[in-house]
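Morning, everyone. Please look at the model on the screen while I talk.

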Amino acid sequence: MRTPRRRLIAGLLLAPLLTGCFASHEDDPSSSGSSGSAAGARLRVALAFAPTEHYSPYGQDAFIMSRLDVSEGLTKLDANGTAIPSLAESWISDKDGRSWVFTLRQARFQDGTAVTAKAVASALTHAAEAEPAPAALSGVKLTAQAMGEDRVRVDTGTADPVLPLRLSNPGLAVFSPKAYEKNGTVNPVGTATGPFEITKITGDTAATLNRFDGYWDGLAQSPGIDVQFIADGTARADALRTGQVDIAQAIPVSQIASLDKGTVHETDTARDTSLYLNTRSGPFTDPGLRAAAREAIGTSVIAKQVYEGYAEPAKGLFGPALPWTAGKRVAPTGRAEATKPDGRTITIATYSTRPELPEVAQVLQQDLEKAGFKVKLVVRSDSQVESDMLAGKYDAAVTSRNMMLDTGDPVSVLASDFTCHGTYNLSQLCDKNVDRLVAAAQAQSDTGRRQDAAMKAEAAILGTDAVIPLVHVKAVLGIAKSVQGALFSWDERQYVGTGSRR
């Protein structure tokens, strides 16, 4: 039974007015299809995270296009996290795993040109040369070249046994040659390969997608999608409840009770909410203070009171969406003894786009102040605060991260998040033992052995107390009863597809 929580930050975030937010696309003469019929109505989607990089495929905006089924890569992930065909029909590797050959299916870009080996190789080369590189290429030197019309050879320098998983990342999606501009930007409007194409972008507030009739895997049942980006979770829930949208991302747990039960869909994910401690500067360079912070925090309270049961206390970095972790987890070793905080002042930053995070930060503030810290909180939007987190401008950061979102490979996320040269190292961690164990895991090609090695590396990371996993989060998606075929799985990469309609 879900239990009501304390309203820790009631009134902290005000819901914007909804009036006028969702202009009906049914009255737009540029819309394709008819409105209101079961097979002809456009889908209306509210996403929580607005584009922050002009829809660049090399950052988090790539997931917007993936979730709306605009873009595709050579592979994608199935429900078990296995790489399966997408634009590539099949693939093989040489014995040392440094070179892979992908055979392409017959497909067309949304601008009408053919998906050729030359175009795919060029797209992957652009991704490999991007600054900064996509997260999926952290630590990987990738090159690609065409072999005839329908085969692409991808080399990685050193063995990369999970390259097919890596290429499923939305940051490595393939766009037509005309998408790649001289200044290094990528224009995704009408240049991707998915069943829906972007036809209009309205800043960072909205986008219009129409069905792409030349899609290789069949005609989408919906004629298009009208997207609104709404950071406020209450506003997203209200829009779903009042029938203004059909699908709403990341419904706050505080709003679930106000929605019809038939519209609330939850699932286990690989998403964690964690506290990352800055190990490079400030008080948490002291391992003893990091240990004191870990010992002060009660994760059960966060799971029950903040997430109202839509999360469970974290057992590590990888949660119940990955059942194989249960039998392989290794206890952390080498942890420092806790030292008294003695009134040390720390600043914890988080973002407001996921409304539970400021509440989590307030619980942490209470726990840490009881332990002897003085705590300041910084709450900003994710677009404002993430770059500062990555730059190490705060003593600690509370974030929500799907640990398998980037590649579907647990080792790759450990490399990007916790090694000296990691591209998403919020803790600023640089530990020789961690780097050694992550490198050893990266060298494993056998699935079972790679998982074992990942758990040893996880134990070493947790032993540093650079990160304190708090809860494993269930994702909650709002889907109107009129919608059929919406997609929702542990990897949070796709919400609509060819079978989605209302």
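Predicted model: local features only at pLDDT ≥ 70, side-chain atom pairs only at ≥ 80, totals over all residues.

Residues are numbered from 1 along each chain as its sequence is written, and side-chain values use heavy atoms, with hydrogens and water left out.

Confidence first. pLDDT is the predictor's confidence in each residue, from 0 to 100. The chain has a mean pLDDT of 90. In it, 92% of residues reach 70 or more. Residues 1–38 stay under 50. For that stretch the model has 70 contacts (heavy atoms within 4.5 Å) beyond four places in sequence.

Now cavities. On a 1 Å grid over the protein atoms alone, a cavity is a set of points where a 1.4 Å probe fits but cannot get out. Lining residues have an atom within 4 Å of a point. Grid points are joined across faces, edges and corners, and a volume is the space filled by probe spheres set on the points.

How many cavities of 30 Å³ or more are there? Three. E17 gives the most, with four residues.

The second largest cavity has a volume of about 50 Å³. Its lining includes Tyr276, Leu277, Lys393 and Asp395. E12 and strand E16 (396–402) each supply at least two residues here.

Last, the sheet. Strands of a sheet pair through backbone hydrogen bonds, either parallel or antiparallel. Here, two strands pair if DSSP finds at least two bridges between them. This open sheet has four strands in the order E4-E5-E7-E6, with antiparallel pairing. Which strands are the edges? Strand E4 (88–93) and strand E6 (143–147), each pairing on one side only. E6 and strand E7 (residues 151–155) pair over five bridges. Ala144 stands opposite Val154 in E7. Helix H2 (residues 117–129) packs on the sheet, touching strand E5 (99–104), E6 and E7.

How values were computed. 1 Å grid on protein atoms, 1.4 Å probe; cavity = no way out; pocket = protein on both sides within 12 Å on 5 of 7 lines; lining within 4 Å. Axes fitted to C-alpha atoms, helices over the stretch in contact; angles between N-to-C directions.
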